Amino acid sequence: MQPLDLVEPWYYNTVYFILFLFLSWGTVLYYIGSDQQKILRSEGSAMQGAALFLTVALTFYLGLRPLSNSFGDMNMYRHSYENVINSYDSVSFKSEWLWHDLSFLCKRIGFNVYEYFFIVEMGYFGGMYICSLLLMRKNMWFAVLFFYISFSCYSFGTNGIRNGLGCSVDLIAISLFALGGTKRPAGIVLMALAMGIHRSTALPSMAAIASLYFVKDTKTAIRFWIASIAISLVAGPLVERFFAALGFDDRMSNYASTNQEGVSMDQFSQTGFRWDFLFYSSGAVVMIWYVTRYRMFKDNVYTILANSYLLCNAFWIMVIRSAFSNRFAYLSWFLYPVVMAYPLVRMNLWKDQDRKTALIFFLYSGFTLFMFFIFYFGTSNGFRGFDLYWYRRQY
């Protein structure tokens, strides 16, 4: 396979978000005028096939993207893949073994770097699609839109791809685990495989297990989430050092230190207490509270999904000041779409479910698109303008 030179790398994210602006808000316009519940009875719709087509199209679009610094760590992953034969010893089950074995296998088969990225992207988008199929089969279109327009979807499909792939596998694992019965053992196996890709997925996996056996209602999890904000404000740096000392992930030890020798902090994401990230995270918390505490809906699957999100997000809040804290936030944010979408397409919440779901989705997708324009068109010195953004950049 060769790269798809459809647009220049600098414009890839622009095309992605403009595409979803039309897809998302076109869907909003279709449902906003309805006072019925078509969303709950849409099985067999032609849009179900459209969900699969969209998933395949995105896999090709991002999987066969050209090599460029525009995609963050892509060149680092390329370099690692091209040298995997020299750095590989043998098949083992050491930390993150599956990622290294997968890379080695692809290299031995003869896949070029574009085919390698394509396979990673298949797992990334495939995980979100399979989760939608398992939990929200009746409205796959809305389900996949919630995933693909989410705040972090593009970033972890092009930059933090190992984290993204690991969380997508864990997404399937938690879904199977939550469904229970004969599916639960398969979910546990997939949790182990997800840790073989990125060991930080141990956090959401353990949160899902804790949600089944220990934290059995959302009231306790919500209280813990609120308490984590107070803990972070009062003793945040102490808590960060504590978690870093546990050896949960070597990256945490690196990110928690703001004085790494030879490393400029200009390279890191914004540090400090991220009120903007907390505001974004609270949207899912409000949905969980409304569904489970205010409306008192009882759904064992949703309880596990909701508590997993709350526990993981609470962990991130307590280490929120770390550099690259968005990467720790993703350990809960990858569950954000399913926490939002599941009750909207599965539970009879309102008589005019279509209209209210369309409104919620408009706000949900609007936040992502707003942040895209702010990030790429705005700077700390004010609005940067289209003239600089559309200037052709060469990499």
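Here is a stop-by-stop tour of the chain.

**Before you click**

This is a predicted model: local features need pLDDT of at least 70, side-chain atom pairs count only at pLDDT 80 or more, and totals for chains, interfaces and linings use all residues. Residue numbers start from 1 along each chain as its sequence is written, and side-chain values use heavy atoms, with hydrogens and water left out.

**Stop 1: the whole chain**

Colour by pLDDT, the predictor's confidence in each residue, from 0 to 100. The chain's mean pLDDT is 85, with 83% of its residues at 70 or more. Select residues 255-269: pLDDT is below 50 there, and the stretch has 18 contacts in the model beyond near neighbours in sequence. Residues 379-395 are also below 50, with 29 contacts counted that way. Contact here means heavy atoms within 4.5 Å.

Switch to cartoon and you get 19 helices and 2 strands. These are DSSP runs numbered from the N terminus: helices are H or I with at least four residues, strands are E with at least two. Of the 395 residues in the chain, 54% are buried; buried means under 20% relative accessible area, exposed over 50%, and partly exposed in between (1.4 Å probe, protein chains only). Among contacts between residues at least 6 apart in sequence, 80% join residues at least 24 apart.

**Stop 2: the core**

Which residues have the most contacts inside the largest nonpolar core? Select Tyr16, Met136, Tyr148, Tyr302, Tyr309 and Val338; the core itself has 115 residues. Such a core is a set of buried Ala, Val, Leu, Ile, Met, Phe, Trp, Tyr and Cys residues joined through side-chain atoms within 4.5 Å. Helix H15 (residues 300-318) gives the most to this core, with 13 residues.

Zoom in on Tyr302. Leaving out residues up to four places away in sequence, Tyr302 touches Met287, Ile288, Val291, Thr292, Val339, Tyr342, Pro343 and Met347. Now select helix H17 (residues 336-346): 10 of its 11 residues are buried, so H17 is largely enclosed by the rest of the structure. Val338, Val339, Tyr342 and Pro343 are among the buried ones.

**Stop 3: Tyr16**

Jump to helix H1 (residues 12-32), where Tyr16 lies. Tyr16 is buried, at 1% relative accessible area. Beyond residues up to four places away in sequence, Tyr16 touches Leu58, Tyr61, Leu62, Tyr148, Cys153 and Tyr154.

**Stop 4: Ser175**

Next, pick Ser175 in helix H9 (residues 161-179). With 1% relative accessibility, Ser175 counts as buried. Its contacts, again without residues up to four places away in sequence, are Cys131, Leu134 and Leu135.

**Stop 5: crossing helices**

Show H5 (residues 97-109) with H10 (residues 183-197): their axes come within 4 Å and cross at roughly 70°. That makes H5 roughly perpendicular to H10, a label for angles of 65 to 115 degrees, with under 35 roughly parallel, over 145 roughly antiparallel and the rest oblique. Axes are lines fitted to C-alpha atoms, for helices over the stretch in contact, and angles run from 0 to 180 degrees between N-to-C directions. Trp97, Leu98 and Trp99 of H5 meet Leu193, Gly196 and Ile197 of H10.
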